[in-house]
Amino acid sequence: MRSYREDRDHSSPSGPWWRVERFEKVPSELDWLSSEERRHLNRLRVEKRRRDWLLGRWTAKSALLRHPYLSSSSVEPCDLTVRPAADGAPEALLRNRRLPVSLSLSHRAGWGLCALAPEDMLAGCDLEVVEARSSGFLSDYYSDEEQAILRSEPDLHMDQIATFFWAAKESTLKALRVGLRADTRRIQVSSSAEPGTFGRWTRLTVQDTESDLSFGAWGRMLGALATVVVTSPPSREPSKLDGGL
Ligand SMILES: CC(C)(COP(=O)(O)OP(=O)(O)OC[C@H]1O[C@@H](n2cnc3c(N)ncnc32)[C@H](O)[C@@H]1OP(=O)(O)O)[C@@H](O)C(=O)NCCC(=O)NCCS
């Protein structure tokens, strides 16, 4: 087994960072969970929720253990706890001390995504399946400006852009720590992306019209999933935290 310390440092020292994991890679032996996390897991009854929650913890720890902040310390996965703060947003603790990082999680279709950024940055991420969205969905959840952009696109491209816009909205509402309790139309997304450009990180711009905060958003396809990482203030494209545990 390779040590995470050998190969984790392909990343920028300033962030943001990202990492994905597959559910199949989550160890079935649960000694990588902290005791607080094991107690939490024991309270989860719905199988899908248990799987998503485990995938989220594994992906977060996998990212944190490769993060430059932990590079010089001897840390085992069970020394870390990833738990919700009072507002629901995840936070990471190392032996009960909060780590100075912004952390965001998403899980979809057996994939887990974690975004990390320095604690003075807001950060959010989301994974979404690219799919057609009805015109009712567009008018309920997208601003007039976004709908005009989407309706000017051919159908196939529209599905992809609409999915990226949705993932950017959800990522931003996670970065703001409110989630989908808020009206998604307050988040205004735009992009000059061409079809095919989402094979690599492609820039989107995001404005929260309520707080007037600007976000930088980066989107790319990961297999069939649209992947988005957002930060405020806007930042360079996310660096992958690479290597196996
Ligand atoms: C946050 C939210 C947008 C996530 O959307 P989703 O499509 O279900 O799930 P994703 O896989 O993309 O993201 C899930 C992660 O979001 C994170 N999250 C939850 N609440 C959050 C918040 N207020 N702010 C930031 N992140 C949050 C969690 O880390 C969660 O993963 P975990 O529970 O395994 O730790 C959604 O759950 C939400 O809006 N929650 C707040 C409102 C609420 O509590 N509604 C009750 C359920 S309808």
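Which residue with a positive phi follows H6? Arg177 follows H6, and its phi is near 65 degrees. The model is predicted: local features need pLDDT of at least 70, side-chain atom pairs count only at pLDDT 80 or more, and totals for chains, interfaces and linings use all residues. Residues are numbered from 1 along each chain as its sequence is written. Helices (H or I, at least four residues) and strands (E, at least two) are DSSP runs, numbered from the N terminus.

- Helix H6 (155–175) supplies at least two residues of the shell around the ligand.
- H6 has 21 residues and reaches 30 Å from its first C-alpha to its last, close to the expected 30 Å; the expected span of a helix is 1.5 Å times one less than its number of residues.
- Of the 21 residues of H6, 15 are buried, so the helix is largely enclosed by the rest of the structure. A residue is buried if 20 or more other C-beta atoms lie within 10 Å of its own, exposed if 12 or fewer, and partly exposed in between, with C-beta atoms placed from the backbone.
- The largest nonpolar core has 47 residues, and those with the most contacts inside it are Cys114, Ala115, Leu116, Ala168 and Val228. The largest share of this core, 9 residues, comes from H6. A nonpolar core is a set of buried Ala, Val, Leu, Ile, Met, Phe, Trp, Tyr and Cys residues joined through C-beta atoms within 7 Å.
- Leaving aside neighbours within four places in sequence, Val228 is in contact with Cys125, Asp126, Phe164, Ala167, Ala168, Ser171, Ala217, Trp218 and Gly219. Two residues are in contact if their C-beta atoms, placed from the backbone, lie within 7 Å.

**Helix H3 and Trp58**

- H3 has 18 residues and spans 26 Å from its first C-alpha to its last, close to the 26 Å expected at 1.5 Å a residue.
- Buried residues in H3 include Leu54, Leu55, Gly56, Arg57 and Trp58. Their cover includes strand S1 (17–22), helix H2 (35–43), strand S2 (80–84), strand S3 (90–94), S5 and S6.
- Trp58 is found in helix H3 (residues 47–64). Trp58 counts as buried because 24 other C-beta atoms lie within 10 Å.
- Apart from neighbours within four places in sequence, Trp58 is in contact with Glu21, Val26 and Gly112.
- Trp58 and Leu70 are 12 residues apart in sequence and 16 Å apart in space, C-alpha to C-alpha.
- Glu76 is found in the loop between H3 and S2. Glu76 counts as exposed because it has 11 C-beta neighbours inside 10 Å.
- The C-alpha atoms of Glu76 and Glu194, 118 residues apart along the chain, are separated by 43 Å.

**Ligand shell**

- The ligand is surrounded by 19 residues; the closest are Gly56, Gly88, Ala89, Gly179 and Leu180. A residue is near a molecule or strand if its C-beta atom, placed from the backbone, lies within 6 Å of it.
- S5 gives the most to this shell, with 4 residues.
- By class, the shell has 6 nonpolar, 5 polar and 8 charged residues. Ala, Val, Leu, Ile, Met, Phe, Trp, Tyr, Cys and Pro count as nonpolar, Asp, Glu, Lys and Arg as charged, and the others, Gly among them, as polar.

**Open sheet with S5 and S6**

- An open sheet of 4 strands has the order S5-S6-S1-S12, with mixed pairing. Its edge strands are S5 (101–108) and S12 (239–240), each pairing on one side only. Two strands pair if DSSP finds at least two bridges between them.
- S5 and strand S6 (residues 111–118) pair in the antiparallel sense over 8 bridges. Leu103 stands opposite Leu116 in S6.

- S8 and strand S9 (residues 202–208) pair in the antiparallel sense over 4 bridges. The bridge partner of Ser190 in S9 is Thr205.
- S9 and strand S10 (residues 214–222) pair in the antiparallel sense over 6 bridges. The two form a hairpin with 5 residues between them, and Asp212 in the turn has a positive phi of about 65 degrees.
- S10 and strand S11 (residues 225–232) pair in the antiparallel sense over 7 bridges. Their hairpin has 2 residues between the strands, and Gly223 in the turn has a positive phi of about 60 degrees.
- Arg203 has Trp218 in S10 as its bridge partner, and Trp218 has Val229 in S11.
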